[in-house]
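Thank you all for coming.

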Amino acid sequence: MSLSTSRRLALLTSASLALLAGCGSSSDSADAKSAPARVAVVASTNVWGDIAGRIGGDRVDVTSVISDPDQDPHSYEADPQNQLALSKAKVVVENGGGYDDFVDRMLKSGHNDSAEVINAVEVSGRTAPKGGELNEHVWYDFPTVAKVADRISAALAKADPGDATAFEKNAAAFKAKLAPLEAKEARIKKAHGGEGVAITEPVPLYMTEASGLVNRTPAQFSEAIEEGDDVSPRVLQESLAVFSGKQVKVLVYNEQTSGPQTEKAEAAAKAAGIPVVPVTETLPKGKDYLGWMTDNVDALASALAK
């Protein structure tokens with residue numbers, strides 16, 4: 001018994017649709033297989049993680065180990081989740097200078113010898129002054145950040161050669177946005193070069209030095225605060241005297257490591273009518289690196305102008 005015309009047409013239509021669907025899924029599968037996997041990047045803090053994300057764009061997956069603005073990076077202890085991320089990373093951005101030694105330890109224990117590791121302090125070329133301590137907070141040094149951006153671009157290009165041009169363009173765009181920050185520092189230097197500044201820790205010193213300001217804080221005070229040690233009564237009195245004696249125009253205060261002794265410095269500055277500029281070591285919530293640093297430099301300029 002022969003099929004009706006309408007029945008034959010229905011079967012043919014169904015077969016055609018199935019064939020087309022099969023072709024489509026095969027093509028989609030091929031496209032998925034041809035698309036390169038995103039480059040796994042691990043950064044020790046969200047500062048370097050944000051910069052790596054800007055350069056990598058949608059071709060990278062970035063994990064920032066330290067991202068809590070209330071967390072003191074100096075006392076951070078990494079966990080198994082960090083270990084797993086570092087064991088799979090293709091590119092690692094660490095600060096170096098003793099700031100985040102856990103990164104090297106975990107890379108070693110995770111047997112990840114193939115990752116491209118960028119050490120920001122090494123890239124900077126910064127070393128400890130004779131008889132002094134290395135200031136490892138190099139993300140406040142804009143020329144260093146530009147160098148690290150180039151190194152990140154090169155490392156990503158090595159991991160994903162097909163997107164090398166995009167990485168290079170993104171790095172160039174990022175560096176172009178650093179230029180206005182350096183110009184602002186130059187304007188501060190022109191207006192306030194040689195004026196005194198106090199700090200609670202060395203965190204902002206690259207920014208204040210580029211702005212022509214002179215650190216008047218006794219070194220024993222800021223070093224003790226950074227190491228989590230007690231400040232001797234004599235050193236504390238010397239430190240507070242820079243405010244009562246009007247030896248400084250501004251106090252730059254690290255909010256992430258405040259304590260009784262730094263609070264005394266803040267109170268002394270306010271009592272003397274000296275502006276206080278708060279800074280942090282990691283990105284505040286809702287901020288990217290460029291916006292954060294713009295706020296820091298603008299706050300410094302405003303405080304000095306008072």
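How many bridges join β1 to strand β3? Three bridges join β1 to β3, which covers residues 91-94, and the two strands run parallel. Before I go further, please keep in mind that this is a predicted model, in which local features need pLDDT of at least 70 and side-chain atom pairs count only at pLDDT 80 or more, while totals for chains, interfaces and linings use all residues. Residues are numbered from 1 along each chain as its sequence is written, and side-chain values use heavy atoms, with hydrogens and water left out.

When I say helix or strand, I mean DSSP runs numbered from the N terminus, with at least four residues of H or I for a helix and at least two of E for a strand; two strands pair if DSSP finds at least two bridges between them.

Let me begin with the sheet, which is open and consists of four strands in the order β2-β1-β3-β4, with parallel pairing. The edges are held by β2 and β4 (116-119), each of which has a single partner strand, so one side of each is left without a neighbour in the sheet. On average, and ignoring direction, neighbouring strands of this sheet are turned by 15 degrees against each other; angles here run from 0 to 180 degrees between N-to-C directions, and axes are lines fitted to C-alpha atoms, for helices over the stretch in contact.

Strand β1 (residues 39-45) pairs in the parallel sense with β2 (residues 60-66) over six bridges. Six of the seven residues of β1 are buried (under 20% relative accessible area, with a 1.4 Å probe and protein chains only), so β1 is largely enclosed by the rest of the structure.

Turning to the helices, α3 (residues 80-88) lies across β1, β2 and β3, at about 135 degrees to β1, and α4 (residues 102-109) lies across β1, β2, β3 and β4, at about 155 degrees to β3.

Further along, the axes of α6 (residues 142-159) and α7 (residues 164-192) come within 9 Å and cross at roughly 175 degrees. These two helices are therefore roughly antiparallel to each other, a term used for angles over 145 degrees.

Finally, consider Ser 153, which is placed in helix α6 and is buried, with a relative accessible area of 8%. Leaving aside neighbours within four places in sequence, Ser 153 is in contact (heavy atoms within 4.5 Å) with Ile 55, Phe 167, Glu 168 and Ala 171. Ser 153 and Ile 55 lie 98 residues apart in sequence, yet 6.5 Å apart in space, taken from C-alpha to C-alpha.

Technical notes
Angles under 35 degrees count as roughly parallel, over 145 as roughly antiparallel, 65 to 115 as roughly perpendicular and the rest as oblique. Buried means under 20% relative accessible area, exposed over 50%, partly exposed in between (1.4 Å probe, protein chains only).
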